[in-house]
Amino acid sequence: MALTQKHPIFSKESYLDFERNQDNRHEFLDGNVYAMAGESLNHSKICFSLYRIVGNELRGKRCNGFSPNMKIATSDRGLFAYPDLAVVCGDPELFDNRKDIITNPTVIFEVLSPSTANYDRGEKFLRYANYIESLHDYILISQDEPFVEHFMKQENGGWESVGIKGLDAILEIDSIECEINLAELYEQIDFSA
């Protein structure tokens, strides 16, 4: 899912007016609008497995998953993004009365693409970590190998990162009481392709 600059600098209001009338998705960062490109075969398969696994893990809990068509906003800090999966525990807090932007995710998942991996690890993570108080976990999933980077918010407000590697590994997300077996997450993936 490559980000390519497509439009001149926008205000948040003009971006939202524009975006809500588009067939394709666009992210917003500090006035710049970026078209969201399509996804690779592995990216799509991993996302589908992720939705299924997390959805099953959340059954009967007070947390809900949201698809990549739901925008996440970093309050008033200049980022509107479409993560691959967001989980909100409790009631979603909405940006405005249109009910299409959430401001209180507990967990955000991104499946990495070569063109956006540095952005997802860098500026996007900094915006999420610094401006979304409710965020406890930020999870980056590789599509090239069985590897997950799990960023966890600490009690002091800092963040700790743990790498989980191998098909026998299990990702544990305490904030939503969820376990993801990497063999199940990657079961349809051919890493040699």
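Author: Helices (H or I, at least four residues) and strands (E, at least two) are DSSP runs, numbered from the N terminus. In this predicted model, local features need pLDDT of at least 70 and side-chain atom pairs count only at pLDDT 80 or more, while totals for chains, interfaces and linings use all residues. Residues are numbered from 1 along each chain as its sequence is written, and side-chain values use heavy atoms, with hydrogens and water left out.

Reader: Where is the place of Arg20?

Author: Arg20 sits in the loop that runs between helix 1 (12-19) and strand 2 (26-29).

Reader: With which residue does Arg20 form a salt bridge, and how far apart are the closest N and O atoms?

Author: Side chains of opposite charge can pair when their charged atoms come close. A salt bridge is counted when a side-chain nitrogen of Lys or Arg is within 4 Å of a carboxyl oxygen of Asp or Glu. Here Arg20 forms one with Asp96, the closest N and O atoms being 2.9 Å apart. Asp96 lies in the loop between strand 7 (85-89) and strand 8 (101-102), so the pair ties together parts that are 76 residues apart in sequence. Arg20, Lys71, Asp96 and Asp100 are linked in a network of salt bridges, and the structure holds 13 salt bridges.

Reader: Is Asp96 buried or partly exposed?

Author: Buried means under 20% relative accessible area, exposed over 50%, and partly exposed in between (1.4 Å probe, protein chains only). Asp96, with a relative accessible area of 23%, is partly exposed.

Reader: Which residue forms a salt bridge with Glu184?

Author: Glu184 pairs with Arg52 in a salt bridge, the closest N and O atoms being 2.9 Å apart. Glu184 lies in helix 5 (residues 182-185) and Arg52 in helix 2 (residues 41-58), so this pair ties together parts that are 132 residues apart in sequence.
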